[in-house]
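Subject: Structure handover

Hello,

Here is the structure for your files. Please open it alongside this note, and read on for what turned up.

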Amino acid sequence: MKALSIKNPWATLIIDGYKKYEFRTWKTKYRGKILIHSSLGIEKNILNKFKDYNLEYYNGYIIGEAILTDCILVTKEFYDELLTIDSTVYELSGHEMKYAWKLENIIKYDKPIKVKGSLGLWNCEVENDT
């Protein structure tokens, strides 16, 4: 199955339902189920921004899955629309937000699965009982 490694707090914000788009500098034609892997890297400088969200972080684990349904070029209009949805989650983070990968049907795993991640969209074989 395809997997995507994402730094925290972003991975956890996705799995807990706060973030429906993951931003990348590259587009993908892939559509379908994708595992969400919380990488070992953490963006410590922004953790405080989400302190009231009561997030529980796992690093180095598959923490859930989603369906990747679209890859959208981020225009000013699209970005402005995201800010109306949740300005805390979607405000500029210092990362280039060129493409928004739309994630739907997000499922959080009850038992995260320890896995070494990888860059890009990678293949991962895991057994899960959610």
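Contact here means heavy atoms within 4.5 Å. This is a predicted model, so local features need pLDDT of at least 70, side-chain atom pairs count only at pLDDT 80 or more, and totals for chains, interfaces and linings use all residues. Residues are numbered from 1 along each chain as its sequence is written, and side-chain values use heavy atoms, with hydrogens and water left out.

The cores

Start with Phe 50. Leaving aside neighbours within four places in sequence, Phe 50 is in contact with Pro 9, Trp 10, Leu 13, Leu 55, Tyr 57, Thr 88 and Val 89. Phe 50 also belongs to the largest nonpolar core, which has 30 residues. A nonpolar core is a set of buried Ala, Val, Leu, Ile, Met, Phe, Trp, Tyr and Cys residues joined through side-chain atoms within 4.5 Å. Buried means under 20% relative accessible area, exposed means over 50%, and partly exposed is in between (1.4 Å probe, protein chains only). Phe 23, Ile 34, Ile 36 and Phe 50 touch the most other members of the largest core. At least two residues of this core come from each of β1, α1 (10–15), β2, β3, β4 (61–73), α2 (76–85), α3 and β5 (99–114). Helices (H or I, at least four residues) and strands (E, at least two) are DSSP runs, numbered from the N terminus. The top contributor to this core is α1, with 5 residues. Another core lies apart from it, with 8 residues, among them Ala 3, Val 115, Trp 122 and Cys 124. In soluble globular proteins, nonpolar side chains tend to be buried together.

The largest pocket

The largest pocket holds about 490 Å³ of space. Its lining has 24 residues, and Glu 22, Phe 23, Arg 24, Glu 43 and His 95 are the closest to its centre. On a 1 Å grid over the protein atoms alone, a pocket is an open set of points where a 1.4 Å probe fits, with protein on both sides within 12 Å along at least five of seven lines; lining residues have an atom within 4 Å of a point. Points are joined across faces, edges and corners, and the volume is the space filled by probe spheres set on them. β1 (2–8), β2 (21–24), β3 (32–42) and α3 (87–90) each give at least two residues to the lining. β1 gives the most, with 4 residues. By class, the lining has 9 nonpolar, 8 polar and 7 charged residues. Here Ala, Val, Leu, Ile, Met, Phe, Trp, Tyr, Cys and Pro count as nonpolar, Asp, Glu, Lys and Arg as charged, and the others, Gly among them, as polar.

Leu 68 lies in β4. Leu 68 is buried, because its relative accessible area is 1%. Beyond four places in sequence, Leu 68 is in contact with Thr 28, Tyr 30, Arg 31, Gly 32, Ile 34, Trp 101, Lys 102 and Leu 103.

Glu 65 is also in β4. Glu 65 counts as buried too, at 10% relative accessibility. The side chain of Glu 65 makes a polar contact with the side chain of Lys 33 (3.3 Å). A polar contact is a pair of N or O atoms within 3.5 Å; within protein, one must be able to donate a hydrogen and the other to accept it, and residues adjacent in sequence count only if both atoms are side-chain atoms. Not counting residues up to four places away, Glu 65 touches residues including Ile 15, Leu 35, Asn 105 and Tyr 109.

Ser 39 lies in β3. Ser 39 is buried, at 13% relative accessible area.

Backbone points to check

The peptide bond from Asn 8 to Pro 9 is cis, with omega near 15°. Pro 9 sits in the loop between β1 and α1.

Which residues other than glycine have a positive phi? Asn 54 has phi near 55°, and Asn 105 has phi of about 50°. Asn 54 is in the loop between β3 and β4, whereas Asn 105 is in strand β5. Asn 54 is exposed, with a relative accessible area of 69%. Asn 105 counts as exposed at 56%.

Best wishes
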